[in-house]
Amino acid sequence: MQNIPLTWWLSVATALFSLGLYGALSRKNAIAILMGLELMLNAVNINLVAFNRYITPQNVTGQVFAVFVIAIAAAEAAVALAIIIAAYRQRGTVNVDDLDSMKF
Amino acid sequence: MAAIEIPPLNFAALLPLLIVVFTGLAVLILDLFIADKRSLGWISLIGVLLAGVAGSMQQGLAGFNPAFQSVAIVDGYAHFFNLIFVVAAALSILVALGYLGRVGLQKGEYYVLLLFSTAGMMVMAAATDLMVVFLGLETMSIALYIMAALDRKRQTSGEAGVKYFLMGSFSSAFFLYGVALVYGATGSTNVNTIGQVLSGGGQGPLALLGLGLMLIGFAFKVAAVPFQWWTPDVYHGAPTAVTTFMSVGAKAAGFAAMIRVLMVSFSPAFTLNWQPALVVLAVLTMTLGNIAALAQKDVKRMLAYSSIAHAGYIFVGVAAGTAEGVSAALFYLMVYAFMNTGAFAVVGALEKKNHIGTKLSEYAGLHGRSPWLAAAMAVFLFSLTGFPPLAGFWGKLYLFRAAVNANLTWLAVVAVINSGVAVYYYFGVIVQMYMKPAEDGQAAFPGINIATKLALTVAAAATVLIGLAPGSIIAMAISGIFG
């Protein structure tokens, strides 16, 4: 494990973050955007755990942080889905391009 | 295997926070048994005010800090922000007591979520660990997402919820990525430790990249240009009682965490690196917020854009990067809490069911229909413009003076020009209220709820009194900055 340099982990995390970012920006379906956001958060988790292993192996700050992030991402997803369902009931679509009733 | 040792946690230090959380839990349970939801509002109000009193009594007592393994601190800074949150929450509850019933939304959830969101804000102000900043940020935001979508029968409310959630979550991801990089660069998530490592010459470039990403996250939360697109739609679409709360609370909490991180962790080692970025944010935010507000035909939406502009003024103080700038920003946020909740309270009092009654033309002749409401709105708008001797004038004066003293005279000039632009749209409302006749068919004003009256009176009195005697609040703001 230790033979793999830190930069490799960081590269994977960056790639994952960029994929999530692309998904969040390019998708029109609110659920798909949510999936992109989850990818971005998971990229952060890889970063946190990798830094923990290589920079501060004497404590577990990064790992604890990653657990916090996972828990909060779950809470966020629950609230997000509830809000998206509420919006779907109001207008029968989850396409974000159709959420434009307030343009001036 | 060694026995698990439970470290001392020092719950007493976080008494105001605990009071808010327990009031929230109590209201959540009482919601099941109490049919008249207005009493829940009054209970929440008492809880919030108690938290403010408890926080004030804690000041000057020794032995609290640092609390919870130095992830939180109860200093004058956290206390000052707690008072801002108490003001925002208390006034919003009073607005909600009148407004929610009128639009058919009188539910216990509003008060519960408001209390939990306030708790998140208090965590952000007291946090000295980036992990805890993130926890507070999410507690505040998740409650606010639901509040924005509270009106399930109205399309614009659901739309506001979806937009706020997607944008907020997006910004949280950037913030977190930044925190992870800073952690990698310094080996710590503690704000003070990060400051020590960086002053000793740590991993500069990586920490700087992390700081940049964190700033993006904060800029989203305080609605700074170019991260402001969600603001007008969310403020406009959310129920007015919710907009009242989030336009002040979320902004103050974002600034609370941002200023502490910048001043403790990234100063003085990186001051010269982040100062230009904040100057750019300040100029863009002020200018675009004001110019967009000029074009608005809806008062609620106009106040949304004006709140963007006000974030820009506060950035002027933060960009100064000095103790003077920080205390000016603190003072301005307190003043802003009174005058902005007041202005939204008037919008809420005039709004009828189904989101009707926020258009600029519908304010015509308000003076004839309800002179006191018109007078209160005029006080708030004059103060937001920055007319002496109202509170908003002193707020702007201290911010701009801090910029001048930090050799950013041109930034202060830009800010003053922007304040001049703002006169145009604030006075548009005043002209409508006092100089235009009421439209045909506008029935006599039905009268205002007693709670809304109380909110308006308190906000207007504070705006005038702080304007006449700003000394004590300024002294508090100055004592509220950290070493």
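A helix here is a DSSP run of H or I at least four residues long, strands are E runs of at least two, and both are numbered from the N terminus. We're looking at a predicted model, where local features need pLDDT of at least 70 and side-chain atom pairs count only at pLDDT 80 or more, while totals for chains, interfaces and linings use all residues. Residues are numbered from 1 along each chain as its sequence is written, chains are lettered from A and ligands numbered from 1 in the order in which they are written, and side-chain values use heavy atoms, with hydrogens and water left out.

**Where the chains meet**

Let's start with the interface. Counting contact as heavy atoms within 4.5 Å, chain A brings 42 residues and chain B brings 44 residues. The two chains bury about 3,700 Å² between them, with 77% of it on carbon and sulfur atoms; buried area is the accessible area (1.4 Å probe) that two parts lose on being put together, summed over both. On the chain A side, the residues losing the most area to chain B are Phe65(A), Gln90(A) and Met102(A), together 21% of what that side buries.

What about charges? A salt bridge needs a side-chain nitrogen of Lys or Arg within 4 Å of a carboxyl oxygen of Asp or Glu, and the rule finds 1 across this interface. That salt bridge joins Arg91(A) to Glu159(B), whose closest N and O atoms are 2.8 Å apart.

Helices H1 (6–26), H2 (30–54) and H3 (61–91) of chain A each supply at least two residues of the side that touches chain B. H3(A) gives the most, with 16 residues.

**Pockets and a cavity**

On a 1 Å grid over the protein atoms alone, a cavity is a set of points where a 1.4 Å probe fits but cannot get out, a pocket is an open set with protein on both sides within 12 Å along at least five of seven lines, and lining residues have an atom within 4 Å of a point. Points are joined across faces, edges and corners, and a volume is the space filled by probe spheres set on them.

| Space | Volume | Lining by class |
|---|---|---|
| Largest pocket | about 680 Å³ | 25 nonpolar, 9 polar, 1 charged |
| Second largest pocket | about 580 Å³ | 12 nonpolar, no polar, 8 charged |
| Largest cavity | about 30 Å³ | 4 nonpolar, 2 polar, 1 charged |

For the classes, Ala, Val, Leu, Ile, Met, Phe, Trp, Tyr, Cys and Pro count as nonpolar, Asp, Glu, Lys and Arg as charged, and the others, Gly among them, as polar.

The largest pocket has 35 lining residues, and Leu14(B), Phe68(B), Val71(B), Val123(B) and Val132(B) lie nearest its centre.

Around the second largest pocket, H6(B) gives the most to the lining, with 5 residues.

The count comes to 1 cavity of 30 Å³ or more. Its lining is Tyr164(B), Met167(B), Gly168(B), Ser171(B), Phe220(B), Lys221(B) and Trp230(B). Helices H6 and H8 (204–221) of chain B each give two or more of these residues, and the largest share, 4 residues, comes from H6(B).
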